[in-house]
Amino acid sequence: MPSYTVTVATGSQWFAGTDDYIYLSLIGSAGCSEKHLLDKAFYNDFERGAVDSYDVTVDEELGEIQLVKIEKRKYWLHDDWYLKYITLKTPHGDYIEFPCYRWITGEGEIVLRDGRAKLARDDQIHLLKQHRRKELEARQKQYRWMEWNPGFPLSIDAKCHKDLPRDIQFDSEKGVDFVLNYSKAMENLFINRFMHMFQSSWNDFADFEKIFVKISNTISERVKNHWQEDLMFGYQFLNGCNPVLIKRCTELPQKLPVTTEMVECSLERNLSLEQEVQEGNIFIVDYELLDGIDANKTDPCTHQFLAAPICLLYKNLANKIVPIAIQLNQAPGEKNPIFLPSDAKYDWLLAKIWVRSSDFHVHQTITHLLRTHLVSEVFGIAMYRQLPAVHPIFKLLVAHVRFTIAINTKAREQLICEYGLFDKANATGGGGHVQMVQRAVQDLTYSSLCFPEAIKARGMDSTEDIPYYFYRDDGLLVWEAIQSFTSEVVGIYYEDDQVVVEDQELQDFVRDVYVYGMRGRKASGFPKSIKSREKLSEYLTVVIFTASAQHAAVNFGQLFLGMYPEEHFIEKPVKEAMIRFRKNLEAIVSVIAERNKNKKLPYYYLSPDRIPNSVAI
């Protein structure tokens, strides 16, 4: 009788193992096997991190194995199990790989196909077509769209983390505890311990020292020591945590009535302000988004305020960016003066502090929350709803949306919800942050997520004119590496543009993003469909770059770009493409490390060895 060797790998995360009964059935082109209990005498099967092998003998020839069915039945208590993969050695000596990387909960079951990535058109066997269809039908019932707040991109239909499908929850109690403990620590540190400081005026800048957490790196130390200086203030617009707002000023706005005479002491080229604008030496950061946003009123003991500043900056003869004029609100007038470097020291410093405060609110709520977390969640939900696990695009993207939906659900549950941490800690709490997102969504466009286009649209693309914009330089290198990789993968599975057009699952994925995530806004520029391999590669690059590099530039992470510990792809051409991708990224790491040598303020946020794969890793 034919005999198969079955190898089963259990996940290494906490609580991944199981004591339940595990049964296996083989489904082949010539027949199906009986259900076999996978069990070895006097051995603890399916322990966390274990790789166990079993001999399975069947009564008759099964033909080509098409599916493997795993069933879990309760032994004593309900016991979730994380199955990484199954490999099968056939009676003829062939090996078949069945990637899983999913949880089997309760008395559940799961049906796996072999790991070869397939488009729908490649499936000619009715059984495989049916498996593909049933998987998506089940996913669409699990992954439902929900409007968390009017005007927001749609999110997952779950009130809290435990309501999420098990496969996208944090994969251990440790992961959940990290988020919980982080939130509690932030709350205790910044809210309770220092609440009395927020409720009263500070007498001098030494008071700032009392709320600094321990600074453990030279960059933070340098910023701490030089934050009052104009050079540091300007540098942060280029390479700080929010390097996406500064743009070249092509025309002085009427709402900022600054004149040459006002800023003459800051100009170094003996040109008028208008001439400096024409020469491309003037830059602007406008916080118009904050105009009219309600300040936080949740605590009657703490009066909070918001400004909507306009900051004019100048590229000096050393090619450094420095501020030359600040207006704290949008409408000019006697009660809204323009502050200048020639003003009294603390008047000018206070104006810069207001700008930095506004920058913080836009960074946290728009640059970070909306434009990385919420956008990545849209891509993730659409992927789970419309792409089966066998689809090459699912295999490509799944690592880059890992835990994204979970961490966003936690944020809605604890951070940005009513009475959450935002309400307690931020001047935009109490609803202001919601108003900001609702406004900013109107400016959320596909082209603004295409890194090279976004840089060019702000007039910040010239390395000669703006030589110290490391966010741009490193970002372009990483974008090109990702795009080269996605182009290779697309080329492996799509032989021409027509195959892209005819891939209905792909088109449904793209349409889901547009219709639900972007709320069908034509002005967003998000495609409703994709009609070429080139455009598909660009789209995939947007998804990966947003979740990895862009988020890294404005945040921090641990699991690095180009590392794919879950082997969803088994094909040699894709594995070779991954190796080339990693080599390209390693070369970028070397370039950035060389650039940063001996710099007092190195920029490493977009070094690939520091870029996480997703917004939650």
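Modeller: Let us begin with pairing: two strands are said to pair if DSSP finds at least two bridges between them. Please bear in mind that this is a predicted model.

Biologist: What makes E6 and strand E9 (residues 109-113) a pair?

Modeller: Five bridges join E6 and E9, in the antiparallel sense. The definition asks for at least two bridges, so E6 and E9 qualify as paired. Within this pairing, Leu 67 stands opposite Arg 113 in E9.

Biologist: Which sense and how many bridges describe the pairing of strand E2 (residues 21-28) with E6?

Modeller: E2 and E6 are antiparallel over eight bridges. Leu 26 is the residue that faces Val 68 of E6.

Biologist: Why is E6 described as largely enclosed by the rest of the structure?

Modeller: Seven of the nine residues of E6 are buried, and the description follows from that count. Glu 71 lies in this strand, which spans residues 65-73.

Biologist: How do you know whether Glu 71 is buried or exposed?

Modeller: Its relative accessible area is 7%. Buried means under 20%, so Glu 71 is called buried.

Biologist: What makes the link between the side chains of Glu 71 and Arg 73 a polar contact?

Modeller: The distance given for the two side chains is 2.9 Å.

Biologist: What does the record say about residues 2-118?

Modeller: UniProt, in an unreviewed entry, places the feature "domain: PLAT" there. In the model, residues 2-118 are 0% helix and 51% strand.

Biologist: Why are strand E12 (247-248) and strand E16 (338-339) said to stand at the edges?

Modeller: The sheet is open and antiparallel, with its five strands in the order E12-E13-E14-E15-E16. E12 and E16 each have a single partner strand, so one side of each lacks a neighbour in the sheet. Further in, strand E14 (residues 310-315) and strand E15 (residues 321-327) pair over six bridges, and Leu 312 has Ala 325 in E15 as its bridge partner. Helix H6 (residues 230-239) packs on the sheet, touching strand E13 (282-286), E14 and E15, at about 95 degrees to E15. H9 lies across E14, E15 and E16 and runs at about 90 degrees to E15.

Biologist: What makes a set of residues a nonpolar core, and how many residues has the largest?

Modeller: Members must be buried residues of the listed nonpolar kinds, joined through side-chain atoms within 4.5 Å. The largest such set has 123 residues, and Ile 246, Tyr 494 and Phe 509 have the most contacts inside it. Helix H9 (residues 345-386) gives the most to this core, with 15 residues. A second, separate core has 25 residues, among them Tyr 4, Leu 83, Ile 104 and Ile 110.

Technical notes: Residues are numbered from 1 along each chain as its sequence is written. This is a predicted model: local features need pLDDT of at least 70, side-chain atom pairs count only at pLDDT 80 or more; totals for chains, interfaces and linings use all residues. Side-chain values use heavy atoms; hydrogens and water are left out. Helices (H or I, at least four residues) and strands (E, at least two) are DSSP runs, numbered from the N terminus. Buried means under 20% relative accessible area, exposed over 50%, partly exposed in between (1.4 Å probe, protein chains only). A polar contact is a pair of N or O atoms within 3.5 Å; within protein, one must be able to donate a hydrogen and the other to accept it, and residues adjacent in sequence count only if both atoms are side-chain atoms. Contact means heavy atoms within 4.5 Å. Axes are lines fitted to C-alpha atoms, for helices over the stretch in contact, and angles run from 0 to 180 degrees between N-to-C directions. UniProt positions are given in the numbering used here, feature names are shortened, and annotations may be inferred rather than shown by experiment.
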